[in-house]
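This briefing covers a single structure, shown below.

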Amino acid sequence: MNGLSLPALPKYAKVTITFFLLLIGLTYLVGVLNIYNKTKFTVQGAIENERGSEEKMIYPKEFGDLVSVTHTHLGGWAMMFMWILLFFMFSTYGPKLKAFLGVAGFCLPVLDAGGMWLTRFSATGFAYLLMVAGFLMATVFGLVLVLNLINLWWGKKPVPRPA
């Protein structure tokens with residue numbers, strides 16, 4: 001991108017970006033731990049988390065609760081993905097990979113949030129959408145984060161083109 005790339009950054013910038021990526025990665029991991037704590041990564045756990053369970057004394061999510069959770073999560077995911085994808089756009093990876101992961105990074109959170117709503121208010125089978133979208137979203141997030149770190153520290157600096 002106009003001669004600016006992650007591998008070409010000065011060391012102080014690389015260190016700063018590295019610490020940011022590690023902190024945002026830790027933030028995401030804590031979110032995943034929270035989901036595991038609530039659902040044990042099972043379809044039944046996802047259903048109970050949205051629709052409730054009398055025997056486990058879990059209340060079904062009310063409309064207002066889902067609005068609040070969706071608002072917070074979509075905003076958070078958008079910011080988290082925007083930052084890691086912004087760095088990714090300055091990597092030396094190819095444009096097709098950048099485009100694919102960029103689009104996926106912004107579509108998957110919508111599918112994940114939609115899965116919560118559909119599981120709660122439509123059919124329990126949408127818990128599979130919730131789980132698959134969540135898994136793919138975490139995979140894309142982790143992949144972009146790791147690819148950023150690899151390119152930042154071990155990527156080849158692009159050869160400048162003559163003017």
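A residue is called buried under 20% relative accessible area, exposed over 50% and partly exposed in between, computed with a 1.4 Å probe on protein chains only. By that scale F121 is partly exposed, with a relative accessible area of 44%.

The model is predicted, so local features are taken only at pLDDT of at least 70 and side-chain atom pairs only at pLDDT 80 or more, while totals for chains, interfaces and linings use all residues. Residues are numbered from 1 along each chain as its sequence is written, and side-chain values use heavy atoms, with hydrogens and water left out. Helices are DSSP runs of H or I with at least four residues, strands are runs of E with at least two, and both are numbered from the N terminus. Contact means heavy atoms within 4.5 Å.

**The largest pocket**

- A pocket is an open set of points on a 1 Å grid over the protein atoms alone, where a 1.4 Å probe fits and protein lies on both sides within 12 Å along at least five of seven lines; lining residues have an atom within 4 Å of a point.
- The largest pocket has a volume of about 830 Å³, where volume is the space filled by probe spheres set on the points, and points are joined across faces, edges and corners.
- The lining of this pocket has 29 residues, of which G31, V32, I35, W77 and D112 are the closest to its centre.
- Two or more lining residues come from each of α1 (11-39), α2 (43-51), α3 (63-89), α4 (95-121) and α5 (127-154).
- Helix α1 gives the largest share, eight residues.
- By type, the lining divides into 14 nonpolar, eleven polar and four charged residues; Ala, Val, Leu, Ile, Met, Phe, Trp, Tyr, Cys and Pro count as nonpolar, Asp, Glu, Lys and Arg as charged, and the others, Gly among them, as polar.

**Helix α2**

- G45, A46, I47, E48, N49 and E50 are the buried residues of α2.
- These buried residues pack against α1, α3, α4 and α5.
- After α2 comes G52, which has a positive phi near 90 degrees.

**Aromatic rings**

- Rings of Phe, Tyr and Trp (its six-membered ring) pair if their centres lie within 6.5 Å; planes under 30 degrees apart count as stacked, over 60 as edge-to-face and the rest as tilted.
- The count under this rule is nine aromatic pairs.
- Y28 and F141 form a stacked pair because their ring centres are 4.3 Å apart and their planes lie at 15 degrees.
- Since Y28 belongs to helix α1 and F141 to helix α5, the pair ties together parts that are 113 residues apart in sequence.
- Y28 is buried at 9% relative accessibility, and F141 is buried with a relative accessible area of 3%.
- F20, W83 and F87 are linked into a cluster by ring pairs.
- The charged end of K40 sits over the ring of Y36, 5.3 Å from the ring centre; the rule requires NZ of Lys or CZ of Arg within 6 Å of the ring centre and within 35 degrees of the ring normal.

- F41, which is not a glycine, has a positive phi of about 55 degrees.
- The loop between α1 and α2 holds F41, which is partly exposed with a relative accessible area of 45%.
- M57, also a residue other than glycine, has a positive phi near 55 degrees.
- The loop between α2 and α3 holds M57, which is exposed with a relative accessible area of 71%.

**Selected residues and their contacts**

- V144 is in helix α5 and is buried, with a relative accessible area of 0%.
- Apart from neighbours within four places in sequence, V144 is in contact with I84, L85, F88 and L101.
- F121 lies in helix α4 and touches R51, K61, F63 and L66, leaving out residues up to four places away in sequence.
- The C-alpha atoms of F121 and E50 are separated by 8.9 Å, and the two residues are 71 residues apart along the chain.
- S5 is in the segment before α1 and counts as buried at 4% relative accessibility.
- Not counting residues up to four places away in sequence, S5 touches F90, T92 and P158.
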